[in-house]
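Here are a few notes to read alongside the model. Have the structure open as you go through them.

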There are 2 protein chains.
Amino acid sequence: MSDPWWEQLSRARDQIGAFVHRTPVMTCAAIDRVSENTVFFKCENLQRTGSFKFRGALNAILSLSLEKSARGVITHSSGNHAQAVALAAKLHGVRSFVVIPQDAPMVKREATEDYGATIILCEPTYASREQAATRIIKETGAVFVDPHDDLRVIAGQGTAAVELVEETGPLDLLLVPVGGGGLLAGTAIAAAHLFPRAKVIGCEPAGADDAYRSFNSGRRVTEFTPRTIADGLRTPLGEQNFEIIMKRVHDIVRVSEEEILGAMRFIWERMKLVIEPSSAVAVAPLLNHSLDVIGERVGVILSGGNVDLDRFFQLF
Amino acid sequence: MSDPWWEQLSRARDQIGAFVHRTPVMTCAAIDRVSENTVFFKCENLQRTGSFKFRGALNAILSLSLEKSARGVITHSSGNHAQAVALAAKLHGVRSFVVIPQDAPMVKREATEDYGATIILCEPTYASREQAATRIIKETGAVFVDPHDDLRVIAGQGTAAVELVEETGPLDLLLVPVGGGGLLAGTAIAAAHLFPRAKVIGCEPAGADDAYRSFNSGRRVTEFTPRTIADGLRTPLGEQNFEIIMKRVHDIVRVSEEEILGAMRFIWERMKLVIEPSSAVAVAPLLNHSLDVIGERVGVILSGGNVDLDRFFQLF
């Protein structure tokens, strides 16, 4: 049976393979013991730019015609997609503009500038991000690279799950954080093709549970005020992402802020890996036993590791 | 030419190989760029118990006669050796006692208890650590496992460098933190045998520079008051360690507290690896360019990742 989503993902793999890090898959005896499962972590916090976002941004930019890429690219992002677009553009000699909300972690903003992007600051609302981007597009003709609602971006994000399962073999369960839904949709496409018996579960902060409510009502929720430390997951679900998620994702679970912090600390302390709160959202359901799953082979995508360490290092 | 130190190290490898993690060797484009060298990090922060200390402790305990191991083992340690002895003893059904100074990071103390050791707290001086241990030995007959001044421990620590060079091939330079000198002496033994053209350099906090002063004067300095955040490097150089270091180490360099923190932050931010300050001591010379080395192949042993995160997570 032909599956155009998978075909696009498969092409993305060929297109970006030489430029992305094949990030390691790690395990942790302490997590296995606490969760009573065998857990494999795909370490996208070790991806270039510190998150999986590089995969999708690169695939989108490499898919542009020469004429379009000559006009430059633009995006808006709370941080990780910003860095991803900036580096992907730089690697291929494309000019980039990035709209960043004022409250984004400083480390993400600085890294984006280091990659050579032109930064435009805006108010910390989704609407003002879109407004600023529209203005720049009008002024420069730059091509918009959506952070998630774009099939090339979704296909790129899905390549992480392909690499994961190549190393682990069949999995019973995949846990993936969901914000705009690029990583979750991409992972679900990969899973449906490569290991259709696995369940794909989106993990979301209770304080920004638009995907949970959308999934359960069948209607995409776009108006809400996110209240979560997981700064990568504050954005609403994209339209195409929603469609894919409704068809190929098995469930969406919510976790509290306390559980996010607990999971983040657990990974820092036991795995010695710096992960950001958004990544911890997909770890938390294993620690709080809300999934009611025992003895299974579980894949978790540790989506990123860009944390603002200023406050921590000021303590010394 | 026969080399009894190397022979012991080689036996240690066979003895502990099945129980230690073969930790990954990682690279980091940002470090390469800043230091202008090609740097390979042996990630002993990902070793069992979170530091290389597990190698030496395990080798020492596996070397005990049945009669001796039946009496149990005892050690004193600011933290990492404590966990290492506790886990190594537990794995082999040996009872363990650990003397820990009151100011040791809580995370290290708790982990030691979790591994089943009996904890004895003492004043935060080296003398009171030794006193408390002597008392327990008298009371229980337990066998002392020295944190560093023991050829079986030194041999165990040296196995990390063997694994490193198996993956990287020849290196020009090896940077190793030095406290009691177990890791540095073990690494120097491995290097002298496997890649004699490489320089082995000990890295030490300027605030606890007994190894630097011992190395340069030829007389072992044992009386000093350490003032450094690198809690694993506050102990004086062991006697046998000093002998090996004088014969096989090329130089010892010192770094400031500011440089230690800067290097620690660099690794957290760019490599997304949690390393403790003692590990950062061997990274700092690459960032401050004090080594005057360019274009070389450099190995760094990231010795451990046990940091007390309480203060950080209280910020949220």
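1. First, a term you'll need: a residue counts as buried if 20 or more other C-beta atoms lie within 10 Å of its own, and as exposed if 12 or fewer do. Keep in mind too that this is a predicted model.

2. With that in hand, look at helix H3 of chain B, residues 53–62. This helix is mostly covered, with nine of its ten residues buried. Among them are Phe54(B), Leu58(B) and Ile61(B), but also Lys53(B), Arg55(B) and Asn59(B).

3. What sits over H3(B)? The cover on its buried residues includes helices H1 (4–16), H4 (66–70), H5 (80–91), H8 (151–168) and H9 (182–194), along with strand S3 (73–76), from chain B.

4. Over to chain A as a whole, which has 15 helices and ten strands. Its radius of gyration is 18 Å, close to the 20 Å that the globule rule gives for 316 residues, so chain A is as compact as a globular protein of that length. Along the principal axes, its C-alpha atoms fill a box of roughly 55 × 55 × 40 Å.

5. Of the 316 residues in chain A, 57% are buried. Take the contacts in this chain between residues at least 6 apart in sequence: 75% of these join residues at least 24 apart.

6. Which residues of H7(A) are buried? They are Arg129(A), Ala132(A), Ala133(A) and Ile136(A). Seen down the axis of H7(A), the buried residues fall within an arc of 100°, so they line one face of the helix. The background is simple: an α-helix has 3.6 residues a turn, so residues three or four places apart point the same way.

7. On the other side of H7(A), Ala127(A) and Lys138(A) are exposed. Strands S3 (73–76), S4 (96–101), S5 (118–122) and S6 (143–144) of chain A are included in what covers the buried residues of H7(A). After the helix comes Gly141(A), with a positive phi near 80°.

8. Finally, the contact between the chains: 20 residues come from chain B and 20 residues from chain A. On the chain B side, helices H12 (257–271) and H15 (310–314) each supply at least two residues. H12(B) gives the largest share, four residues. By type, the chain B side divides into 13 nonpolar, three polar and four charged residues.

Note on methods
Residues are numbered from 1 along each chain as its sequence is written. Chains are lettered from A and ligands numbered from 1 in the order in which they are written. This is a predicted model: local features need pLDDT of at least 70, side-chain atom pairs count only at pLDDT 80 or more; totals for chains, interfaces and linings use all residues. Two residues are in contact if their C-beta atoms, placed from the backbone, lie within 7 Å. Ala, Val, Leu, Ile, Met, Phe, Trp, Tyr, Cys and Pro count as nonpolar, Asp, Glu, Lys and Arg as charged, and the others, Gly among them, as polar. The arc is that of the directions from the helix axis to the C-beta atoms. The radius of gyration is taken over C-alpha atoms; the globule rule is 2.2 Å times the number of residues to the power 0.38.
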